[in-house]
Amino acid sequence: MSAIFIYNPESGAGKLERYKSYLQSKLSEKYGEITWLKTEKPMHAYELAKTYGKDCDYLFVSGGDGTLNEVVNGISQNEKKPIVGYIPSGTVNDVARSLGISRNIKKAANILVNGEVFEHDIFKVNNKYGIYVCCAGLFTRTSYETKRFSKKKLGKLAYLSIGIKELFQSKPIPIELETEKEVIKTHCSLLLILNSKSIAGFKSNNKAELNDGLVELMIFKTPPKRISLNNINKIFETFLFGIKSTKKSKNVIYRTLSDFTIKIDDKTVINLDGESSTKGTFSFKCIQKGIKILTPQKRTKEKLWKRKKS
């Protein structure tokens, strides 16, 4: 079998470099010689995954959620897709939290060797792919506007200053949701489309199923002239106590869907897996079991809550 390893040398303050010899020894016992590929610029992981991923059986990746997103986009361009193994080394690592993948490199490496394959949904937003979250509005710029230096020094606290700034600068967004059953027009402070147990490091969706072909959509409605304090409180409540605490609120539109269209202002930036992706109106399609990823054995045996399309 053939395998490659794509890694971001700056992620996690360069921790993976210190474990590279250990990983080479550990992984070669099962996979033989591995091609190691270091990212050198933004979107490099995407280029490497697209170029090399079509010719390998396993693609291992280490970095944050953004690096993993680049890999997902890269392999999704090809007909043949390798099995993905993930060693998280970013600041938040929501995908790893959802799948029970440890941030400890040795424990994560053990999953690459002894883990079980889990078929994980992905989704397509216009011509780009994501794996766990698509969002727009309040607090969604923090993940990609926070400077890398601040992330290294402060971790998740680095996001706080950007988040507070957004509270005073953000305005309501006119939005239209179009599904096969309905059309809803409103103003919102936050659009959240989720296929993950973890959001921004918070376990806010513990019962989420990750391979049922559905995502959970939440639109936090707000008056058209300004974002209300009650609306902000609902967002905080969602992150802190879970989506089940707010999804039935009269100020929240909640749906479980597989495909739909969001019509939104052309200047509104769409955040895909923590990275700035596209702007304005987009079509959304969930691709059931779109990638195969190695997870802890106990993860594949979990009994997950069955969502129904709404």
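The legends below accompany close-up views of a predicted model.

**Figure 1. Overall content of the predicted protein model.** The protein comprises 310 residues, of which 55% are buried. Its secondary structure amounts to 11 helices and 17 strands. When contacts between residues at least 6 apart in sequence are considered, 75% of them link residues at least 24 apart.

**Figure 2. Helices H2 and H6 cross at roughly 15 degrees.** Helix H2 spans residues 20–31 and helix H6 spans residues 105–114, and their axes come within 10 Å. Angles under 35 degrees count as roughly parallel, and H2 and H6 are therefore roughly parallel to each other. The crossing of the two helices, H2 and H6, is right-handed.

**Figure 3. Residues at the contact of H2 with H6.** Helix H2 contributes Tyr 22, Leu 23, Lys 26, Leu 27, Lys 30 and Tyr 31. From helix H6, the residues that meet them are Ile 105, Lys 106, Ala 109, Asn 110, Leu 112 and Val 113. Sorted by class, the residues in this contact of H2 with H6 are 8 nonpolar, 1 polar and 3 charged.

Figure 4. With neighbours within four places in sequence left aside, Ile 235 is in contact with Leu 138, Phe 139, Ser 189, Leu 190 and Phe 220. One of these contact partners, Leu 138, lies 97 residues from Ile 235 along the chain, yet the C-alpha atoms of Ile 235 and Leu 138 are separated by 9.0 Å.

Figure 5. The structure as a whole holds 0 disulfides. Cys 135 has 9% relative accessibility and therefore counts as buried.

**Figure 6. Burial of Cys 286.** Buried residues are those under 20% relative accessible area; Cys 286, with a relative accessible area of 8%, is therefore buried.

Methods:
Residues numbered from 1 in each chain as written. Predicted model: local features only at pLDDT ≥ 70, side-chain atom pairs only at ≥ 80, totals over all residues. Heavy atoms only, no water. Axes fitted to C-alpha atoms, helices over the stretch in contact; angles between N-to-C directions. Helix = DSSP H or I, 4+ residues; strand = E, 2+ residues; numbered from the N terminus. Parallel < 35°, antiparallel > 145°, perpendicular 65-115°, else oblique. Left-handed = near helix turned anticlockwise from the far one by under 90°. Contact = heavy atoms within 4.5 Å. Nonpolar A, V, L, I, M, F, W, Y, C, P; charged D, E, K, R; others polar. Disulfide = S-S within 2.5 Å. Buried < 20%, exposed > 50% of the residue type's maximum accessible area, 1.4 Å probe, protein only.
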